[in-house]
Amino acid sequence: MKRTAATQYVVTRPLYSEEAFAEEHEKVYRQRKTILDHIKWDAKRAKNAALSLLPIIGWVKIYQIKQWLLGDIVSGISTGLVAVLQGLAYCLLASLPVRYGLFSAFFPVIIYFFLGTSRHISVGPFPVLCLMIGSVVTRLVPDGGLAMNITGLEGLTIDEQRVVVASSVTFLAGIIQLAMGVLQVGFVVMYLSDTLVSGFTTAAAIHILVSQLKFVLGLQVPGISGPLSIIYTLEIIFNKITSTNVCDVVIALVIMVVVFIVKELNDRYKSKLPVPIPIEVIMTVIACGVSYAFDFRARYGINTVGDIPEGYETPMAPNLHIIQLTAGDAVPMAIVGFAVAFSVAKVYSVKHDYTIDGNQELIAFGVSNIFGASFRSFAASTALSRSAVQESTGGKTQVAGLLSAIIVMIVTLSVGFLLDPLPTSVLGAVVIVNLKGMLMQFREVPYLWRRDKPDCVVWLGTCILSIFLGLDLGLAAGLGVELISVVLRTQLSIYDPEGVMIFRIPSPIFFANIEFFRTKLVEALGFNPLRVLRKRNKAVRRIRKLLKKGELQWTSTGFLNTSFKPIKESEDESSMEELDLPTDFKDLPARIDWNAELPVNLSVPPVEIHSLILDFAAVSFLDISALTGLKTLLRELIRVEVDVYIVACDPYILEKLHDCSFFDDEVQPSMFFLTLHDAMLHILEKHPESTEKKSDHDMVRSG
């Protein structure tokens, strides 16, 4: 079948610089909102604000009782049982009495029910956050007692002191999240790439694994925090390995094997099972019953959960002294907790076709943590396995989350005493088994190495640094590695017609990358314009002196050395500032052709281009530091007789340049052109010889 020829169009228009285009066409200004527009309030805006701050209003109106309620009830009960167990288990990571894990699985869920935008995530303890809290707790309140004098902790037991520390740092993390949400800075999670988060959570899984060994082995190991804490912890464990409690090891191994096998069966047959088998809950109940029946605590000396007081405690205010000491710890907690929860929420929102609001999620988690901390819970996020249970068992909305909180509340108020004989090795085993997903992220390394080596370096760098430096410093170091990777991969591409260089800038130019931009441009040019300018000015002044002395003469063919002696290089007495000024050809018989042969011993770096085009299509903004650096660079290029053209510049950037007095006698608005094509046509009119291209410059090169 013969294809019909595509319709062709011929567009004819004049060659436009920015100035020429502005002269012929009136600029249309977009109407901008005034301060009055922002503070103006009406019924529609009030309704939108209410829906934004209380997302529950939006989904309650469309709640389908017949279709959704049964699924939410089944999901809520299933998730609640898992939340009870994970609350107890993850509390060990925070180095707190296990009952406070139940608090963290209750209070934040209640607030998120009203303020959260995700309908499927299960809010509560998250192992990575628990470990970060545990690091702060053991640093300020080690096993031997307070490491420093902290106001307000006098007369409290070690456990009570640790609870105050955990609640206070959680309160501060909540304040940070709330502030970020109010200030609309939810975009910060964009700087945490999937690769960085994967490497970070893998390192966290290793930390968690090591921290649970003492429960699985039945050893007394003090909590250690700070850089290399994982090494010191392993050293203590290996030194005490002969004191391992065999009963704890056997219990933990049985739990891990059974739970692992059943979880694999759940994954394999999830399409056939109405709900996943809650194997962790089943094994915990069995272990609790067996431990009570055979009195493992007295007979084998194992550690058990012990007495769990019923009910809740009265609200408490955060300790301001602790807040001052933990400000640096609360920031990564706030960011990590939100980033993980938001990532999981995005997955389910796409799957079930609804939208989530990052800034509202920050507000929801911020208020949840502030409220929870007042009742002695610790920082909440979401656990991947618990959210998977809530979604896979038929949960449609946060009604399931509310029901799971009710299950947790029932355990806290009435049946907590039944968990007294539960071995802590069971909780440690449950934590370790649930690390499978995070530990299996190691499989990403070969894939990343084959497909994207810089991303692989970010993954490995973040993971290794987080393992050895600790999670807080490791996250900061990982962000540094990611930033370096982005900078190094921000290639500035060029291709060169004869005598012309086109330089593409793929990002905004600001204080952090202006020097990098200059360095890459100089590398691409093959010469440093400032050095060339200084060399030319020195040569001109040397030539002027030689002409006055009669040792040099100008002829139609160029300079002639009349002294028949080699011209010696002499020290230039001019100041450096004078050498940076435009080249002055006054008193010379002719303008010097720098590409022609110069007198002996006078050497100036060659400049093989006459025109440079800077493609600003991807430059969305320039700050003041960038304006200053850019103007200096443009002046240097113009002074070495390179015509500079800037194309595809954003109109608002051009307006800013005018407002900031960017232009002068050297750097002029006439260097700005609408498109790359306009600038090239202008150059070809001015330099017809540029029509010919070098054969070896037809490809795009990376600067």
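1. The protein chain contains 30 helices and ten strands. The model is predicted. Of its 703 residues, 49% count as buried.

2. On contacts and surface: among contacts between residues at least 6 apart in sequence, 81% join residues at least 24 apart. The chain exposes about 35400 Å², and carbon and sulfur atoms supply 61% of that area.

3. The aromatic side chains give a count of 25 pairs. One of them is W59 with Y63: the ring centres are 6.3 Å apart and the planes stand at 50 degrees, which falls between the 30 and 60 degree limits, so the pair is tilted. Both W59 and Y63 are buried.

4. A second tilted pair is formed by F103 and Y312, with 5.2 Å from centre to centre and 45 degrees between the planes. F103 belongs to helix α6 (residues 99-104), whereas Y312 sits in the loop between α14 (296-300) and α15 (320-325), so this pair ties together parts that are 209 residues apart in sequence.

5. Two lysines lie over ring faces. K453 is placed over the face of W449, at 5.0 Å from the ring centre. K631 is placed over the face of F662, at 6.0 Å from the ring centre.

Notes: Residues numbered from 1 in each chain as written. Predicted model: local features only at pLDDT ≥ 70, side-chain atom pairs only at ≥ 80, totals over all residues. Heavy atoms only, no water. Helix = DSSP H or I, 4+ residues; strand = E, 2+ residues; numbered from the N terminus. Buried < 20%, exposed > 50% of the residue type's maximum accessible area, 1.4 Å probe, protein only. Contact = heavy atoms within 4.5 Å. Areas by Shrake-Rupley, 256 points an atom, 1.4 Å probe, with all protein chains shown as cover. Phe/Tyr/Trp six-rings, centres within 6.5 Å; stacked < 30°, edge-to-face > 60°. Lys NZ or Arg CZ within 6 Å of the ring centre and 35° of its normal.
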